[in-house]
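Here is a short walk through one structure. Keep the sequence and the 3D view open as you read.

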Amino acid sequence: MRRLLWPAVVLVLLLALNIFFTPSFFSVQVRDGHLYGSLIDILRFGAPLILVSIGMTLVIATGGIDLSVGSVVAISGALACLQISEDAGLPMAVAAALGLCLVLGAWNGFLVAAVGIQPIIATLILMVAGRGLAQLITDGQIITINDPAYKVIGGGYWLTVPFGILVVIAVLGITAFLTRRLALGMLIESVGGNAEASRLAGIRARGIVIMVYASAALCAGVAGLMISSNVSSADGNNAGLWIELDAILAVVIGGTSLAGGRFSLSGTVLGALIIQTLTTTIYSIGVPPETTLLFKALVVTAVCLIQSPSFRAKAFRRRGRSAPTQPSPEERVLAGRGGTA
Amino acid sequence: MAVPAPVLTMSGIGKQFPGVKALDDVDLRLLPGEVHALMGENGAGKSTLIKVLTGVHPADAGTIELAGRTVAFGSPLEAQQAGISTVYQEVNLCPNLSVAENILLGREPRRLGRIDWRRMRARAHQLLARLDVRLDVSAPLSVYSLAVQQMVAIARAVDIDARVLILDEPTSSLDADEVQQLFRVMRRLKEEGIAILFVSHFLDQIYEISDRMTILRNGRLVGEYPTSELSQVELVAKMIGQELAALERLHGEAKTFDRPLVEARGLGRSGAIEPFSLTIHEGEVVGLAGLLGSGRTEVARLLFGADHAGSGELAIGGAPTSLRTPRAAMTHRIAFCSENRKEDGLVPDLTVRENIVLALQATRGWTRPVPRETQDDLVGKYVKALRISPPNPEIPVRNLSGGNQQKVVLARWLILEPRLLILDEPTRGIDVGAKAEIQRLVAELSDGGMAVLFISAELEEVLRLSHKVEVLRDRRLVAELPNDESLTTDVLLETIASGGRVS
Amino acid sequence: MTALTFGRASVPVKYLPVLVTGCLFVAMFVAGGIRYEGFASGQVVLNVFIDNAFLLVVAVGMTFVILTGGIDLSVGSVVALSTMIAASLMEGPGWPPYVVVPLVLLIGSGLGLVMGWIIQSFDIQPFIVTLAGMFLARGLCYTIGTDSIPIRDATFTAFAQTRIDLFADLWVSPSVVIALVVVAVAAYVLHYTRFGRSVYATGGNEQSALLMGLPVARTKITVYTVSGFCSALGGVLLSFYMLSGYGLHAVGMELDAIAAVVIGGTLLTGGTGFLLGTVLGVLVLGLIQTIISFEGTLNSWWTKIFIGLLLFVFILLQRPFSGRVRR
């Protein structure tokens, strides 16, 4: 729980900052049977990022990384919109898009688990080629569609709640059930923590890793549907551009180490919300949107520094508090190696 | 008694880690031209003391004097420059670089600021020759065995103008010949007036090479003794803080075994182990003896499916089978505690509980979690039975000492109630007390009908536990000897040396 | 296998990935020469250099970082920032190039230095720190201006348009010469200096390098500084090439640089690889673009698909070699 403290503090501070500029920031109201308010907007617009980040969390926990999710977002939206524009019907369009995403994810997982390529490289292949593939599907154009049913996925409401938020809650619920109620989470953490030891303990890592990459791509696919539905069009070139970086950030801010092992889904959600709140805040306090990236850089640096044990040790030492000196990771490795420390 | 002035004096050293007092008021004196053994169980503080000395950790209390001057090193580099070189327990070299570079990295011969590769290779050659080692020094280190890499590490350490040389368990990966080679080098360095601080778990080696010793226990100083004035029994007593009962053979009577469990016929894997035949019966403890690299671990890995057998047949309980994965072996209730528990055994991030139930969970797959109550029951039972300390199953396993980590891996397999338990060096690098506990446990398990394949570098241990001993040499199984009164360590040594051809 | 007796073994093995990349380059060139008229000329190869001089310089910096086992995602943004600063200073206050260019190089190196310092002293993953650096540099670009700024400084444009004639009708731009000098210096540094060997040692096993007394911290900070410098220099070369500064220049160049390094046979885990491989990697990427432009009917997205496929083939090809070196 302690590792969720700092992301939570940052999120609260960011939200509180808005009060000074938008007094009505925290008010949530029902208008025309729909929930309205800035907080709802943060959740609604943050939904795709949260989805992608959930998938990314599992991948990172296995000690991997998935750079291709942004391209998968674009491919999913492109294929769904293409199908709808060719009157294939909504169920068919969604099924085709998500089906393709599963295949692409399984391909990533296959490269990593069966062929044994480093994850960053294996998914770099699809990151580069996938963008081309999305543009190939849309033939380099932006496909615009007009389908009210499809529009619901990203922009609709159900029982006053934005549909996107419900999708996020559902995906989060399923993931939490699979990982924490069932034993998937422990096996993922074991594979990410020590792959060879896991193999010798009889864990079938290959299947788990392939499944994790497939589910990351599936999450990205749903996010892709949401994004394209929200704007009723598919843009192979720009949809989901750099979302993989935001998702990785969200995971890291949420306290999951890029080295794999222990992961935290709630931390990831907090991380994604921080990133989304930051964007919203910049608009609401009237800073020129060009500087969004600057603020993002600053917040990312701040959050990562706060979470870094060696930074905290140094900062506290400077203040003259005689906190017990935590060994730096480097020292910990050394101490662990001797086995007799 | 003209005692020369110490070259190094550490006094009143204290070191605190979160939750642990690793060192408390420890003194150490090194005289020039002596081999000084640093003794203690795991967790006694040996490694921490060495790390404080070499500047890896700062000391919280106490002073270090080198040749009369007070020093405090901020890094291993500073220590090295002041004349304190270290060869660590595990080979700390860069496998991707050439042998020559690994020896001379950081002080490469240069001409006009440019590394002179030719002189570098020549110098490396010369330094290795001093240790009677001949290698292609331009080949990457990774092509050589661990033992050779260890020699390279020592060559590196002695090249530095060292006044103090620290050898932290350098012999744990060397075979007998290589140990003798190392000792020759140590004696030569001693004559040159270098003080050598030597850490080893092998008591015989300590008595062969060391002049004096300092004993630590639980982070405190027990005392400093001349080696010749302290008997082995006294030493062990001081290390573990109690008198150890005399070691006796754990299996009294030679039993007969008639229910074969695992039968290997011509099982082999090219480049790893020549085809061998081996039968393990229910309730039988089979010892594997042989030098490092003789194929001991390879036999175990084939029987567990960790590697694929290239040839031969395997029958388990009379039914022919092939073990393609560890998982397949586990369905036949074969368990394997590997030699390298840090790399092949533990998941350091996970808790003690999770590490213990890991294999059980793996057999059930992720869709059928082991209920939490069952986990707590099983874990509680084995934490108690194996006396895992601290007895808190919810702390990360990385925080445990080596011996306790070994017990965690053991517990993982014991809850599966295997029919064959393969133990690869289960007592390596752990303290004397834990060693005896594990040995006793093996005897109990086999009395209960479990078959055990026991691998150890210590012949006494193999003799103590096994019903029969398989001898390996040069990746071949050369002899099978029943363990009766006529079998002694001398006989075993002879068999290993002769390859079983003469008897 | 016969070569693997004892010792003399892996000298050729470690050069194999580079050889494979070299062969691929030659094969692609020959195939292009057979298929397209006017392809098999020296100038086509030189044009690949001319069009990719900036990428080459950036990839050199990336090689240093990747050899230590790190990664630098900020390079593309730093390139863009450099074009932006150069253009705005020359166009706005009208500063002369010989003041602007050193300043740009200083800023780039400074950014790299700060990133390296954060990575090293607070022990944060390079991926994250350089990602923040990527956001920062891009953000600074947009803060300077959201539009493209043309560069009209006489000295600068004159230098940019200089043609250095070689024999026959062949020519190169000054950028190519600068890039090749950078490659030569970098190769010398990696092979013949203690810093260079520390880079390899750090990438091979950081713990060991530390215990061997190598200045690991300084090495890691330095490689990010080198990468920052190379990115800034790449930015200057890109300004020569584009004669403008723009916040959207060099989007995704970090991927091209990483791809070039990987295709060149350097392992992302660090410690193994050669600068020559990186040069070949850049050339292969450049040649793909040339072939697609010669093909004419192919759309630009085929470039991406093709590079993706090529990455795949290369990674598969190199796997056995890297596997052997690792074990």
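Two rings of Phe, Tyr or Trp count as a pair if their centres lie within 6.5 Å. Planes under 30 degrees apart make a pair stacked, planes over 60 make it edge-to-face, and the rest are tilted. This is a predicted model. Over all chains, it holds 15 aromatic pairs.

Start in chain C. The ring centres of Phe64(C) and Phe195(C) are 6.2 Å apart, and their planes meet at 15°, so this pair is stacked. Phe64(C) belongs to helix H2 (residues 42–67) of chain C, while Phe195(C) belongs to helix H8 (residues 194–204) of chain C, so the pair ties together parts 131 residues apart in sequence. Phe64(C) is buried, at 3% relative accessibility. Phe195(C) is partly exposed, at 22%.

Now turn to Tyr188(C) and Tyr192(C). Their rings form a tilted pair, 5.4 Å centre to centre with 40° between the planes. Both residues lie in helix H7 (residues 174–192) of chain C; they are four residues apart, so about one helical turn separates them. Tyr188(C) is partly exposed, with a relative accessible area of 34%. Tyr192(C) is partly exposed too, at 22%.

Tyr192(C) also meets a charge from another chain: the charged end of Arg114(B) sits over its ring, 4.0 Å from the centre. In chain A, the charged end of Arg180(A) sits over the ring of Phe263(A), 4.3 Å from its centre.

Back in chain C, Phe29(C), Tyr36(C), Phe39(C) and Phe294(C) make up one aromatic cluster.

Finally, look at chain B as a whole. Its domain assignment gives domain 1 (8–240), domain 2 (242–333 + 419–502) and domain 3 (345–417). The C-alpha centres of domain 1 and domain 3 of chain B lie 35 Å apart.

Terms used
Residues numbered from 1 in each chain as written. Chains lettered and ligands numbered in written order. Predicted model: local features only at pLDDT ≥ 70, side-chain atom pairs only at ≥ 80, totals over all residues. Heavy atoms only, no water. Domains from an automatic or database assignment. Phe/Tyr/Trp six-rings, centres within 6.5 Å; stacked < 30°, edge-to-face > 60°. Helix = DSSP H or I, 4+ residues; strand = E, 2+ residues; numbered from the N terminus. Buried < 20%, exposed > 50% of the residue type's maximum accessible area, 1.4 Å probe, protein only. Lys NZ or Arg CZ within 6 Å of the ring centre and 35° of its normal.
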